Amino acid sequence: MTQRTHREVHLAGRPRGPLTEDLFEIVEVPVPEPGPGQVLVRNTVMGVAAVMRTLMEEAGVVPMPSYQIGEPLYGAAVGEVVAAPGTDFTPGDLVAHHSGWREYALLDADRAHRLDPGLLPDPAAHLSQGPTAWMGVVRGAEVRPGDTVFITGAAGGVGSLAGQIARLRGAARIIGSTGSPEKADRLIKEFGYDAVVIRGAGPIEDQLRTAAPEGLDAVFDNVGGEQLRAALAVANRGARVALVGALSAQLSPGGATTIELDTLSLLARSITLRGIALYEHLDLIPEWNQRFGEGLRDGSLTFPHARLRGIEQAPRALRELTEGRHLGAVVVEL
């Protein structure tokens with residue numbers, strides 16, 4: 001039986017620096033009634049991502065609508081269909097959609113994507129950022145057997161999977177970056193990284209030259225700023241550099257960071273820089289899910305993540321993600 005009310009997380013204000021709890025409001029509202037062609041979903045798990053910090057700004061630079069004050073936030077979620085009159089969905093179907101940050105979601109049927117419940121061993125794994133990692137490694141950096149690869153933001157939801165994927169693609173040496181010695185140790189011991197450079201432990205370029213004495217063949221950049229500049233300085237002739245994220249800008253109070261490019265040096269070394277975004281490579285998602293399910297079952301892949309419980313923990317989950325408190329993805333059970 002569907003309950004009469006449910007909770008949503010609304011945006012209460014625009015951030016002017018680090019995220020604080022007063023920017024969010026937990027609101028109890030009636031559970032919506034589905035009409036013909038609509039699907040009512042009871043959300044069971046939702047994900048948070050760094051881009052959500054950008055969407056809290058009034059005018060964002062990403063091709064996604066900004067969150068509106070007084071309205072619920074949105075984001076990836078997985079749930080079970082409760083009712084779906086006039087559609088081909090049936091109660092109990094597992095679906096993915098982008099109306100997270102609420103316990104029940106009312107969707108037009110074409111906005112709900114039916115999931116195979118046997119594809120991944122944990123429904124939360126559908127919220128991994130693996131498609132972005134797969135895209136960046138396979139199509140962006142075009143990682144090849146024998147490559148030395150540098151992955152920035154290696155402890156995040158994308159980077160913690162990108163390193164594993166690079167290994168599957170035959171990379172000979174995988175170097176990551178992160179913000180603490182503790183995370184660096186875990187990346188090496190648990191997730192197959194060969195070396196890790198640490199923000200704040202000295203110039204990134206110097207650390208990177210020590211970790212990659214023969215240079216870099218492929219770069220998966222999820223950060224930008226000093227780390228991208230260092231990667232370009234150490235890149236070998238013909239290196240492929242995938243620009244997958246911009247965490248240094250997304251998580252900075254000013255919202256923008258820039259670097260100077262020595263274009264003559266890039267030309268002389270025939271280095272490729274490629275900005276690449278998942279919304280232009282959606283065809284990779286089924287391919288990734290198939291490989292991810294196989295890898296989770298045979299142990300060749302893991303899903304690093306932190307899991308909080310209760311919708312009231314969603315603001316905390318996003319805040320802790322932006323503060324770098326966790327290794328891997330961050331999801332919230334609802």
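This is a short tour of one structure, stop by stop, with something to select at each.

**Before you start**

You are looking at a predicted model, in which local features need pLDDT of at least 70, side-chain atom pairs count only at pLDDT 80 or more, and totals for chains, interfaces and linings use all residues. Residues are numbered from 1 along each chain as its sequence is written, and side-chain values use heavy atoms, with hydrogens and water left out.

**Stop 1: helices α2 and α9**

Select residues 130-140 for α2 and 284-298 for α9. Helices here are DSSP runs of H or I with at least four residues, strands are runs of E with at least two, and both are numbered from the N terminus. The two helices pack with their axes 9 Å apart, at an angle of about 105°. Each axis is a line fitted to C-alpha atoms, for helices over the stretch in contact, and angles run from 0 to 180 degrees between N-to-C directions. That makes α2 and α9 roughly perpendicular, a label for angles of 65 to 115 degrees (under 35 is roughly parallel, over 145 roughly antiparallel, the rest oblique).

Now show the side chains where they touch. On the α2 side, pick G130, P131, W134, M135 and R139; on the α9 side, pick L284, I285, E287, W288 and R291. Contact means heavy atoms within 4.5 Å. Sorted by class, this contact has six nonpolar, one polar and three charged residues. In that sorting, Ala, Val, Leu, Ile, Met, Phe, Trp, Tyr, Cys and Pro are nonpolar, Asp, Glu, Lys and Arg are charged, and the others, Gly among them, are polar.

**Stop 2: the aromatic rings**

Stay where you are and pick out W134, W288, F292 and F303, which form one aromatic cluster. A pair of aromatic rings is described by the distance of the centres and the angle of the planes. Rings of Phe, Tyr and Trp (its six-membered ring) pair if their centres lie within 6.5 Å; planes under 30 degrees apart are stacked, over 60 edge-to-face, and the rest tilted. The count comes to five aromatic pairs.

One of them is W134 with W288, a tilted pair with 5.7 Å from centre to centre and 45° between the planes. W134 sits in α2 and W288 in α9, so you are linking parts of the chain 154 residues apart. Are these two buried or exposed? W134 is buried at 8% relative accessible area, and W288 is buried at 0%. The cut-offs are under 20% for buried, over 50% for exposed and in between for partly exposed (1.4 Å probe, protein chains only).

W288 and F292 are four residues apart in α9, or about one helical turn. F292 is buried too, at 0%.

**Stop 3: helix α3**

Select residues 159-168. Eight of the ten residues of α3 are buried, so this helix is largely enclosed by the rest of the structure. The buried ones are G159, S160, L161, A162, G163, Q164, I165 and A166. Show their surroundings and you will find them packing against α2, β8, β9, β11 and α9. After the helix comes G170, with a positive phi near 95°.

**Stop 4: S177**

Move on to strand β9 (residues 173-178), the place of S177. S177 is buried, at 1% relative accessibility. Which residues does S177 touch, leaving aside neighbours within four places in sequence? Its contacts are F150, I151, T152, G153, A154, A155, V196, V197 and Q227.

**Stop 5: salt bridges**

The whole structure has 21 salt bridges. Each is a side-chain nitrogen of Lys or Arg within 4 Å of a carboxyl oxygen of Asp or Glu.

- Select E80 and R42: their side chains meet at 3.4 Å, N to O. E80 lies in β4 and R42 in β3, so the bridge ties together parts 38 residues apart in sequence. Both ends are partly exposed, E80 at 34% and R42 at 32%.
- Select R114 and D93: this bridge is also listed at 3.4 Å, N to O. R114 is partly exposed at 36%, whereas D93 is buried at 16%.
- Select E333 and R309: the closest N and O atoms are 3.3 Å apart. E333 is in β15 and R309 in β14, 24 residues apart. E333 is partly exposed at 23%, while R309 is exposed at 56%.
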